[in-house]
Amino acid sequence: MKAKKWLASGVTTMLIGGILSGCSGGSSGSSEGSGDNVEITLAGWGGNPSETRLLKEALDSFEEKHPNIKVKHEVISDQYMDVMKTRLIGGEAPDVFYLDAFEAPALIETGVLEPLDDYVTDEFNVDDFEQPLLEAFQKDGVTYGFPKDYSTLALFYNKKMFEEAGVEVPTTWDELREVSKQLTKDGVVGLGVAPELARMYYIAESLGGEVVKDNKANFGDEKVIEALQPIIDQRNTDKTAAQASDVGANWGGEMFGQEKAAMVIEGNWAIPFLEDTFPNVEYGTAEIPTVNGEKSTMAYTVSYVMNAASEKKEASWKLIEYLTGPEGMEIWTSKGYALPTRKSVAEKLGFDQDEKRAALVAGASYATVWANGVNLPTIMNNFNNQFVSAFLGQRPLDEALKEAEEQANREIGE
Amino acid sequence: MKKRRTYSKRSLREASQGYSLMAPTIFVLALFIIGPILYAFFLSFHKVQLLGTATYEFVGLSNFTNISDDSRALRALWNTFKYVIIVVPIQTLLALILAATLNAGLKGQSIFRIVYFLPTLTSSAVLTLIFMWMYNQNGLVNEILSILGLPTYNWMGDPSVALIAIMIMNIWATAPFFMVIYLAALQDIPDSLYEAAELDGANAFKKFIYITVPNLRPVTSFVVIMGLIGTFQLFDQSFIFSGGSGGPDNSTLTVVLLIYQYAFKSLGTMGYAAAIAVMLSIVILVATLLQRKFSKEESLY
């Protein structure tokens, strides 16, 4: 196996060597006058075919309005952030690209993103954006990206199973635990859980604890542990919860679609997935049951940002302005694969009236945005690693989280 | 007395011709192999931030000393060690047995040669995906185990078996490659030795133990060293298996996966990642030297 790899890497090395010597200095910076044609690059991860079609539609309409700007759309299908960071270091990054809020603080700190405030005109109407989503891309009052869309989490429940068990959709977490007991039977669990920080964050903080404090891990806090304990108990004491791999599924949406869980907490992305893959499952969505009497959920958002090293900043801004403006956003979110971050667009498209999406839209006002400081990736990694072992009942939660917190803070350093 | 070397015009010209012919290769080697190695050494003594404005801050040996109180690094090292200790002997033995059966002159052995060799042709990424599908909670492996009345496992979600799942997968994929090497070596052993042993009344097992195995010693040494290097560098399988996280519960975290995580997933730890990489290369070097010392491969002839 190793020998094969050596051979392959040898061949690639030679090929790359050949290419490098062949074309050095291919892209010289063209100055952009008003009449000149410019081509800018937009990079992102791929979506499903329908999403790709919507983006294409938005880009076509942009090019129609700005005939001198051509947009080259690049799709990075795997390990998006690794590829992007490497290309940013190598000076080969695209002009405009997607950035997840979760990765934003670290990237802003390094100075590779262009501040956008100077480009913004009154017409663009920044106040139209949902504030928490916009704040995820701001630092010290400077905006580095405009959120293109978002999704929140909601409770997905299987209507048929609920009817058979004769239970109501839970509105508090205690009710959810009770309902789960009646729904668990014949290889079906009540609640499908994704035991990871990105999905547990709002629960972890529901008793007033802080997961991240001063850019350091703080999830060993008693309040955080107490808040998360019910999830662990539900799997190991009640035996009414499971993670996807326990039942042979890859993620919550699949677990729910295969009818191995009566409830899951998933986001907007699960709706088109269920329509495409499991059209026969009758389900409804509801706002996440209140934890400790308060409504809460997570919000995940992605923005368009501009590469600070770009040589075509005016044109790049035009693109961001269009795609996050009312017109472009309406095209992009029109089919409901993603929710619009502009209040005006959300109103116009009426997703708050949509049967499946109303619960998700309602969550936007009180959601916790999945982003917190530059060290969240490290904190998340350590949390996830240890939380699973507690979730599987191999060790007590407090011991696991305290150890993970120590390890995370050691990695973060001073 | 000091020796002085003198260079005649002729030998200088010859040397320069030689080097100019080798220049493309030397260039490529220097740029893509030697350069990165030196750069990694350089990085391992610095705290590095590459993104944005690159900064290098000299920190001496602290990257190396930090490894010893990084519980994830120790866990990764332990996982890798466990993996090497279990996989290398099994895959070597399996390769030897497979090769010996193929060399025994059974009927249809060329068909078996092809069948045995097939796993090697699959790319390790595809292989991992196929195995992940088989390891699924409702997958083929558990199905067979339950038919046989054996306990089933959550191969991918249970930290206690996840690494074993990868071991099985890798042994299955790598043993045939070494089998081919053994097969070539087996055919080099002179028949006269076997004939002589037969005259002395040795049975098949004794012939295997007293003739085949000793004669294969140099090849075994090669196979073990390649196996050591390959298993110490385990990355792709555990990366795909765990989605890059090394989970569940750090159970599939290997040293190379950890290097990847520090280099790309968190900012500003590139130097630390380089330090772990340097440490790994030292570990492999030591393991290889130990192996050579104990195998005494030259003593045969």
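The model is predicted: local features need pLDDT of at least 70, side-chain atom pairs count only at pLDDT 80 or more, and totals for chains, interfaces and linings use all residues. Residues are numbered from 1 along each chain as its sequence is written, chains are lettered from A in the order in which they are written, and side-chain values use heavy atoms, without hydrogens and water.

Contact (heavy atoms within 4.5 Å) links 38 residues of chain A with 44 residues of chain B. Salt bridges pair a side-chain nitrogen of Lys or Arg with a carboxyl oxygen of Asp or Glu within 4 Å; 2 are found between chain A and chain B. On the chain A side, 13 residues are nonpolar, 16 polar and 9 charged.

Chain A itself is divided into domain 1 (9-150 + 300-369) and domain 2 (151-298 + 372-413), with bounds from an automatic or database domain assignment. Their centres, taken over C-alpha atoms, are 30 Å apart. Here 21 residues of domain 1 of chain A are in contact with 28 residues of domain 2 of chain A. A:Phe102, A:Tyr300 and A:Tyr366 supply 33% of the area that domain 1 of chain A buries against domain 2 of chain A, more than any other three residues. Buried area is the accessible area (1.4 Å probe) that two parts lose on being put together, summed over both.

Two salt bridges are listed by residue.

| Salt bridge | Closest N to O distance |
|---|---|
| A:Lys159 and A:Glu355 | 3.7 Å |

Definitions and conventions. Nonpolar A, V, L, I, M, F, W, Y, C, P; charged D, E, K, R; others polar.
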